[in-house]
Amino acid sequence: MSNKSPVLLPKMQRLLAGVGENIRLARLRRKLSSEQMAERSGMGRSTYVKIEKGNPGVSIGYYLNVLNVLGLEKDFLQLAKDDVMGRKLQDANLSTKERAPKRKKNSNE
């Protein structure tokens, strides 16, 4: 396995940096040090610092551990939850029958 970080477009880098900043602010609101967060999350401090900087090479599992320590693990479920574009694409590809099914004849007629 390679330890190389994935190459991200600048927009995605900014997005990940924003996630890291949000995690940092959540930690500061709870008055926790980065050392405490790293220890409680089961990682080294250097890995935790990479998370706060939005380093794309950090495993998503570590991000989830950090969110768990902060009590924000349910926020993870919001990822891709309301996929408006996906629903539109799905609905556009739905096939419909050209005509309604024939009615069954009643034996009493």
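Biologist: Which residue forms a salt bridge with Glu-21, and how far apart are the closest N and O atoms?

Modeller: Please note that this is a predicted model. In it, the partner of Glu-21 is Arg-24, and their closest N and O atoms lie 3.0 Å apart. The structure holds three salt bridges, and the pair Arg-24 and Glu-21 is one of them.

Biologist: Why are Arg-24 and Glu-21 separated by about one helical turn?

Modeller: They are separated in this way because they stand three residues apart in helix α1.

Biologist: How is the packing of two helices described?

Modeller: Two packed helices are described by the angle between their axes and by the distance between those axes. Here, α1 and α3 pack at an angle of about 115°, and their axes are 5 Å apart.

Biologist: Which residues of α1 and α3 meet?

Modeller: From α1 come Ala-17, Gly-20, Glu-21, Ile-23, Arg-24 and Arg-27, and they meet Tyr-48, Ile-51, Glu-52 and Lys-53 of α3. By class, this contact of α1 with α3 has four nonpolar, one polar and five charged residues.

Biologist: At what angle do α3 and α4 pack?

Modeller: Helix α3, residues 45-53, packs with helix α4, residues 60-70, at about 90°, with 11 Å between the axes. That angle makes α3 roughly perpendicular to α4. In this contact, Thr-47, Tyr-48 and Ile-51 of α3 meet Tyr-62, Tyr-63 and Val-66 of α4. The contact of α3 with α4 has five nonpolar residues, one polar residue and no charged residues.

Biologist: What is the volume of the largest pocket, and how many residues line it?

Modeller: The largest pocket has a volume of about 600 Å³. Its lining has 20 residues, and Leu-15, Leu-16, Val-19, Tyr-63 and Leu-79 lie nearest the centre.

Biologist: Which helix gives the most to the lining of the largest pocket?

Modeller: Helix α1 gives the most, with eight residues. Both α1 and α4 supply at least two residues each. By class, the lining of the largest pocket divides into 16 nonpolar, two polar and two charged residues.

Terms used: Residues numbered from 1 in each chain as written. Predicted model: local features only at pLDDT ≥ 70, side-chain atom pairs only at ≥ 80, totals over all residues. Heavy atoms only, no water. Axes fitted to C-alpha atoms, helices over the stretch in contact; angles between N-to-C directions. Helix = DSSP H or I, 4+ residues; strand = E, 2+ residues; numbered from the N terminus. Parallel < 35°, antiparallel > 145°, perpendicular 65-115°, else oblique. Contact = heavy atoms within 4.5 Å. Nonpolar A, V, L, I, M, F, W, Y, C, P; charged D, E, K, R; others polar. 1 Å grid on protein atoms, 1.4 Å probe; cavity = no way out; pocket = protein on both sides within 12 Å on 5 of 7 lines; lining within 4 Å. Points joined across faces, edges and corners; volume = space filled by probe spheres on them. Salt bridge = Lys/Arg side-chain N within 4 Å of Asp/Glu carboxyl O.
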